[in-house]
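Trainee: I have a new chain open on my screen and would like to go through it with you. Could we begin with the words we need?

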Amino acid sequence: MIIKWNGEYVGHTGFNVAADDYDGEPRFSSFWFDAGPKTRHPDREAVAAFLVFNSAMGGLVHMPHKFSPAVDSAMRALLIPVPVVFSPVEYYPKALPSGSRPLDLSWSGIDAAPSADISGADTTYLRLERSDEAAGSLRTLRGLTVSSNAWLHSDGREDCVSSIRPYLAAAVLFAEDLDADSIRVPGEFDQDSREWKDLVYLLGTARLGLEVARF
């Protein structure tokens with residue numbers, strides 16, 4: 001699988017993939033937004049691509065940019081027993097961005113808003129609108145609302161961890177722009193499940209936390 005990043009800050013911006021010999025066929029070959037992130041750390045870019053397309057990965061997978069061995073190890077571990085070789089891996093250490101506030105993630109069909117943080121901490125938000133219902137983006141001082149086709153990549157199973165992966169991918173990509181250090185997702189998820197712990201592990205390699213939002 002060859003994964004490329006196309007576009008800049010305005011207009012359709014995001015991933016495009018081409019399947020290779022040992023890959024499955026992705027349901028959709030693109031994952032895009034009507035406005036892209038201004039900054040994309042390679043580790044977070046790789047994690048986001050994995051969250052969207054991992055179910056179709058097999059054999060050789062080429063990411064858009066070099067990423068760290070830690071991310072490589074986590075992605076391969078989560079795909080066991082499927083044999084996958086990721087590239088290009090960067091063995092020269094690079095610092096990961098460090099945010100300062102949690103990011104409240106929501107999407108079309110999720111109407112509830114997280115309750116105020118009782119600690120008084122600053123927060124930011126990312127709201128993803130369906131691309132068949134809205135277009136464009138709106139940036140405020142606190143967060144971002146943007147149209148995306150992320151909804152097409154979700155399996156739609158309510159309160160199943162697999163259903164939020166494409167939305168998490170978007171949050172991972174925009175986290176640095178929004179100065180976020182963790183992502184809060186709406187829903188009722190079993191935080192002791194293997195799937196949830198796998199996501200916590202994967203996001204941790206990109207210096208991001210994951211928690212369920214309180215309502």
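Mentor: Let us settle one word before anything else: a residue is called buried when its relative accessible area is under 20%, exposed when it is over 50%, and partly exposed in between, using a 1.4 Å probe and protein chains only. Helices (H or I, at least four residues) and strands (E, at least two) are DSSP runs, numbered from the N terminus. Please keep in mind that this is a predicted model, in which local features need pLDDT of at least 70 and side-chain atom pairs count only at pLDDT 80 or more, while totals for chains, interfaces and linings use all residues. Residues are numbered from 1 along each chain as its sequence is written, and side-chain values use heavy atoms, with hydrogens and water left out.

Trainee: OK, which residues of helix α2 are buried?

Mentor: In α2, which runs over residues 69-79, the buried ones are V71, D72, A74, M75 and L79. They lie on the same side of α2, because the arc they cover around the axis is only 165 degrees, where the arc is that of the directions from the helix axis to the C-beta atoms.

Trainee: Why would residues a few places apart point the same way?

Mentor: An α-helix has 3.6 residues a turn, so residues three or four places apart point the same way.

Trainee: And what covers the buried residues of α2?

Mentor: The cover includes the helices α1 (42-53) and α5 (194-204), together with the strands β4 (59-67) and β5 (84-89).

Trainee: Let's take Y201, then; where does it lie, and what is it in contact with?

Mentor: Y201 lies in helix α5, and, leaving aside neighbours within four places in sequence, Y201 is in contact (heavy atoms within 4.5 Å) with S73, A74 and L78. With a relative accessible area of 39%, Y201 counts as partly exposed.

Trainee: Switching topic, how many residues of helix α4 are buried?

Mentor: Ten of the ten, from residue 165 to 174, so α4 is largely enclosed by the rest of the structure. Among them are R165, Y167 and F174.

Trainee: What about the chain as a whole?

Mentor: Its secondary structure comes to five helices and eleven strands, and 50% of its 215 residues count as buried. Along its principal axes, the C-alpha trace spans about 45 × 35 × 35 Å. Among contacts between residues at least 6 apart in sequence, 61% join residues at least 24 apart.
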